[in-house]
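Let us take a walk through this protein together, one stop at a time. Keep the picture beside you as you read.

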Amino acid sequence: MIPSVWTKMRPCETAIRAGLRFGDKGTHTSRTIMLSELQDLLAALPESATREDYANAIINDNALGKQTASTRRLTNQRLVELYGLDPQIPIFRVLRRLWGMDEAGRPLLALLCSLGRDPLLRATAPIILSLKANEELVRSTFVEGIKQSTGDRLNDSILDKVARNAGSSWTQSGHLIGRVRKIRKYIEPTPGAVSFALWLGSLYSLSGEELLSTPWISVLDQSTSVLLELVLRAKQLRLLHARIGGGVIEIDPTSVDPEMEVNRR
């Protein structure tokens, strides 16, 4: 098995309450992170939309332009698996808030949420993130790495689908480029994406400088110095609370959740 800090992200009560999902199953046996569908759906509905509003838009109003009723229902199911589509679920609530504030960061926001919600996509993260810039993703190595993470529960056909779908998802997020040959590219995160990654780390009772070395932060491809600059930019946008200087690093991302921000006023 590929050694990784991702193995430390075990189920805990706080993470489960926040909407992270664990277990053997995952959406990437059949779909990608569905970035295009998510963009269209969130553009069609206000931030105040309810779970019922999202389902109605997808299934009854056909906001995503699917050809059949069964496809619309399945699309709704898969998007719920990946994102929750419910403001009562904290991880979606945070995604929805940041989505409206950080257009440039939307692909990364979608990826971070999907990593939290899909154990199979999470299993692919160590492989992708271990690649150096301009290094090619070797498909056979990718499939074998997924197999090491998932054990014997997926047959070769399903493993191949997970590899194909995950490769597409990491391409949608910007970590890979190319249609046939997938080449690693380092991404440039936004303050919104950094805030989301820090918030995800805080679900594991981490704080301060500890938040800069979590699996979620590793998705951002940046050094600590660059991350601290982005933290200060996020602070200026009032996305989080931070104090950095004189050898002190204090970061509190809990207010990224709009409900938490209201409660502390």
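**A tour of the helices and the core**

Ser202 is buried, with a relative accessible area of 16%; buried means under 20% relative accessible area, exposed means over 50%, and partly exposed lies in between, using a 1.4 Å probe and protein chains only. You will find Ser202 in helix α10, residues 191–202. Helices here are DSSP runs of H or I with at least four residues, numbered from the N terminus. Not counting residues up to four places away in sequence, Ser202 touches Leu211 and Pro253, where contact means heavy atoms within 4.5 Å.

Before going on, remember that this is a predicted model, in which local features need pLDDT of at least 70, side-chain atom pairs count only at pLDDT 80 or more, and totals for chains, interfaces and linings use all residues. Residues are numbered from 1 along each chain as its sequence is written, and side-chain values use heavy atoms, leaving out hydrogens and water.

Next, look at helix α4, residues 69–83. Its 15 residues should span 21 Å at 1.5 Å a residue, and its end C-alpha atoms are 21 Å apart, which agrees; the expected span is 1.5 Å times one less than the number of residues. Among the buried residues of α4 are Arg72, Leu79 and Tyr83. The buried residues of this helix pack against α2 (35–44), α3 (51–60), α5 and α6 (106–117).

What follows α4? Gly84 does, with a positive phi near 90°. Most residues other than glycine have a negative phi. Leu85, however, has a positive phi of about 50° although it is not a glycine. Leu85 lies in the loop between α4 and α5 and counts as buried at 0% relative accessibility. Met34 is not a glycine either, and has a positive phi of about 55°. Met34 sits in the loop between α1 (13–18) and α2, buried with a relative accessible area of 2%.

Now move on to α5, residues 90–101. Ten of its twelve residues are buried, so α5 is largely enclosed by the rest of the structure. Pro90, Arg93 and Trp99 are among those buried residues.

Finally, which residues touch the most other members of the largest nonpolar core? Of its 78 residues, they are Tyr83, Trp170 and Phe196. A nonpolar core is a set of buried Ala, Val, Leu, Ile, Met, Phe, Trp, Tyr and Cys residues joined through side-chain atoms within 4.5 Å. Leaving aside neighbours within four places in sequence, the contacts of Phe196 include Ile91, Leu95 and Leu109.

Terms used
Helices (H or I, at least four residues) and strands (E, at least two) are DSSP runs, numbered from the N terminus.
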